[in-house]
Amino acid sequence: MTELVLAYDLGTGGCKASLWDADARQVAEVVMPYPTLHPSPDRNEQRPADWWDAVVSSTRALLGRSPGAATRIAGLALSGQSLGVIALDPRGEPLSDTTPIWSDARGLTEHVFAHLEEGEWYRRTGNGFGAPLYPIFKAATLRAEDPDRWARTARLVGSKDWVNLRLTGELATDHSMASGTGAYDLRAADYADDILAAAGLDRGLFAPIARSHDRVGTLTADAATALNLPAGIPVFAGAVDNAAMALGSRGTAEGRIYAALGSSSWITVTSSRPVLDEATRPYVFAHAVPGMFVSALSTFSSGTSFDWLRRLIAADADPADVIASAAASPAGARGVTFVPTLAGGTPLEGGSAARGILSGLHLSTGTADLVRACLEGIAFSLDRSLRHIRELSGSTEPLLVSGGGARSDLWNGIYADVLGSALQRSTVDQQAATLGAATIAFVGAGIWADFSRADAAHGALETITPTHPESYDAARARFDAVSAALAPQEVSP
């Protein structure tokens, strides 16, 4: 029988566990949700114990669906949500029941940027999200809010690295997760001592860095009992979610580019150099593939903008039916324009003060026009990111689309026409991050010779070609004009 690997995607909403075989086929999948806590504005926290419980329960459920699989597992690896920071005591135990996750925005930045120019920090780290989101700044908040707990902090670790510690008793990170700490120099491929010094942090607080496919350790007897697996299974370092998802979205070679169409959406390119631009701030991570980088531009409110509109006009309707209703409105939505910056914009979209807008409404506007305008507005936002990241990176590769937004033929047709180029759609959809983690385990275990074997999971790619891109010329001009007028406004939430 062919060997299997266990792959986990430790996301914001839950843990997705899956079994993959050596022919790059997913054998089974289980998803276990866990909550996010919002104790006050800007505070978004989760319980590490919930992550562990989700890993354990999803593994047991997965094995229950796959009789005999436990004895065929050659290794396991995790994809982990980025930018979180768990403070551990000297025994490796979390010092608090909860820990800030990526979206927690309480980080304190002044002390670092008093010693280091902010633009230089971005150029070296590629950390293009808001600086308060990065762990070295969250650490400053931990230190300021609870000095006693800070005095007992021996390590600061990320999500998957803490789970790996529970699995193996060994602490390590990988380059992709380390590159999201706020203190990793992309070109030096290491923590930067001067940035750490500016943050008042010792290098020893952070886990040593390995390659994603390096073995951290093996499954301990206690962990094996919890997961219902044999002890001694190799555990590999894994990757941050952005890198794992890129790896599972054909991001295995120079210039490969994909769009993740979900609650938020982003355009990501794989390249041998980081794609940096101080004005628009692409965010960059070291890739799971050694010597490569993943660089991305986002729109924060894509699927969430659609969900907002759906709740207003058809709260009880199936989202797919709401999307399909847009077919009753022509290209250009009969003059209605929707700018989807409901959660603020990226630098490319006008910054955090930008807010969403519906314009061009008239007495004959119908719900189909509103839905169509929303779908088109999200497409225009992504087109702006795609054009910019192609210009910066030089990529001419076709765009692979994945995620929930890739399932709709109507919406994909809108994307193709607005982008003015063919799209590729794959059977690998919501599984991209776990495919990336599985690839890391297969390479680490020596079953696959290189990372390109992940591409086999995509099989025959479906091509979606533009039909009438010229029909969006007027709508594009309206969208650009409304966006430009809206971006400078400072509007309170």
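Helices (H or I, at least four residues) and strands (E, at least two) are DSSP runs, numbered from the N terminus. The structure looked at here is a predicted model, where local features need pLDDT of at least 70 and side-chain atom pairs count only at pLDDT 80 or more, while totals for chains, interfaces and linings use all residues. Residues are numbered from 1 along each chain as its sequence is written, and side-chain values use heavy atoms, with hydrogens and water left out.

Going into the pairs, S18 and strand S19 (residues 293-299) are antiparallel and share 4 bridges, with Tyr283 opposite Ala296 in S19. S16 and S22, on the other hand, pair in the parallel sense, over 4 bridges. Here Ala259 sits opposite Val401 in S22. S22 is also joined by 3 bridges to strand S23 (residues 423-425), and these two run parallel; the bridge partner of Val401 in S23 is Arg425.

What about the side chains of S22? In a regular strand the side chains alternate between the two faces of the sheet. In strand S22 (residues 399-402), Leu399 and Val401 point one way, Leu400 and Ser402 point the other way, and all are buried. Buried means under 20% relative accessible area, exposed means over 50%, and partly exposed is in between (1.4 Å probe, protein chains only).

Next come some loops. Arg281 is in the loop between strand S17 (265-271) and S18. Its phi is near 55°, a positive value in a residue other than glycine, and at 15% relative accessibility Arg281 counts as buried. His287 lies in the loop between S18 and S19 and is buried too, with a relative accessible area of 5%. Leaving aside neighbours within four places in sequence, the contacts of His287 (heavy atoms within 4.5 Å) include Ser176, Gly251, Thr270 and Met292.

Arg256 belongs to the loop between helix H10 (241-247) and strand S16 (257-261). With a relative accessible area of 17%, Arg256 is buried. A polar atom of the Arg256 side chain lies 2.7 Å from the backbone oxygen of Arg250. Not counting residues up to four places away in sequence, Arg256 touches several residues, among them Gly251, Thr270, Glu397 and Asp455.

Asn228, found in the loop between helix H9 (221-227) and strand S14 (234-236), has a phi near 65°, a positive value in a residue other than glycine. At 47% relative accessibility, Asn228 counts as partly exposed.

Finally, a pair of helices. Helix H13 (residues 367-393) and helix H14 (residues 409-419) pack at an angle of about 45°, with their axes 9 Å apart. Axes are lines fitted to C-alpha atoms, for helices over the stretch in contact, and angles run from 0 to 180 degrees between N-to-C directions. H13 and H14 are therefore oblique to each other, given that angles under 35 degrees count as roughly parallel, over 145 as roughly antiparallel, 65 to 115 as roughly perpendicular and the rest as oblique. Residues making the contact include Leu375 and Phe380 of H13 and Trp411 and Tyr415 of H14.

Definitions and conventions. Polar contact = N/O pair within 3.5 Å; in protein donor to acceptor, adjacent residues only side chain to side chain. Pairing = 2+ DSSP bridges.
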